[in-house]
Amino acid sequence: MQSDDLASPKNIIQTSSFHESVLQSLTMETTLNHKEGSPQIELISPAPHDRKIPLYDFAHSRAGDKGDDINFSLIPYFPPDIERLKKIVTQEWVKKVVSSLLNPSSFPTSDDIEQRNKWISEHVEVEIYEVRGIHSLNIVVRNILDGGVNCSRRIDRHGKTLSDLILCQKVLLPL
C-alpha cells in the first residue's frame, strides 16, 4: 500500500455510526516532512461541538482495579480531540460520575446522597495524567472500591464496568 493510499478516507476504520456521515466529509492532508522524508497525515477531528454526545462516540477506554483503587484511560479516536477532552475530564467531573458507585441502594434518599458526597469529598482522590505519546488521559481514582474486589459487597462495580460508566456519559465538547 502506498502512503497516498493510507491518506484515503476509505482506509479509516469506522468507529461508530456517527463517524459514517463524517467520513464522507473528512478532509485529510498529506504533507511531506523534508527533514525525515516521511509523510505526515493530519486528521481533522469529527467530534461535534454543537450537541451532547456520549464519550464512546469519540473515545475508547481501558480499565483495571487494584485493591481499593481504579485506573482507567480515555483515548480519543482522533488524537487532536485530547485537548478538548482535557477541558471536560476534571477531578470534580470524575468524582461526580463515579459517586453512584457508592450509593447504599438503588434508590438513595437525599440524606443518603448527602452522606455519600461528604464521604467522597473526604476520602476519594482523583489523579489525572496526560499520556502524551498516545494522546490519552490516565485517571486513577483512589478509595472508591469499598475495600477492593475481594472485600466489596458490590456486584461487578470494578475495573471494566467503570470504563463503561465513564464512556456512557454525554458531554458537550468545547471548540
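Is Arg51 buried, partly exposed or exposed, and what is its relative accessible area? Arg51 is partly exposed, at 38%; buried means under 20% relative accessible area, exposed over 50%, and partly exposed in between (1.4 Å probe, protein chains only).

The views below come from a predicted model, in which local features need pLDDT of at least 70, side-chain atom pairs count only at pLDDT 80 or more, and totals for chains, interfaces and linings use all residues. Residues are numbered from 1 along each chain as its sequence is written, and side-chain values use heavy atoms, with hydrogens and water left out.

**View 1. The salt bridge between Arg51 and Asp50.** The closest N and O atoms of this pair are 3.4 Å apart. A salt bridge is a side-chain nitrogen of Lys or Arg within 4 Å of a carboxyl oxygen of Asp or Glu. Asp50 is exposed, with a relative accessibility of 58%, while Arg51 is partly exposed. A search of the whole structure finds 8 salt bridges.

**View 2. Lys86 and Glu83 in helix α3.** The side chains of Lys86 and Glu83 form a salt bridge with an N to O distance of 3.2 Å. The two residues are 3 residues apart in helix α3 (residues 82–88), so about one helical turn separates them. Helices (H or I, at least four residues) and strands (E, at least two) are DSSP runs, numbered from the N terminus. Both side chains belong to partly exposed residues: Lys86 has a relative accessibility of 30% and Glu83 one of 43%.

**View 3. The salt bridge from Lys86 to Glu130.** Here the closest N and O atoms are 3.0 Å apart. Lys86 lies in helix α3 and Glu130 in strand β6 (residues 125–131), so the pair ties together parts that are 44 residues apart in sequence. Glu130 is partly exposed, at 31% relative accessibility. A network of salt bridges links Glu83, Lys86, Glu130 and Arg132.

**View 4. The polar contact between Arg84 and Asp81.** The side chains of Arg84 and Asp81 are joined at 3.0 Å. A polar contact is a pair of N or O atoms within 3.5 Å; within protein, one must be able to donate a hydrogen and the other to accept it, and residues adjacent in sequence count only if both atoms are side-chain atoms. Arg84 lies in helix α3 and is buried, with a relative accessibility of 11%.
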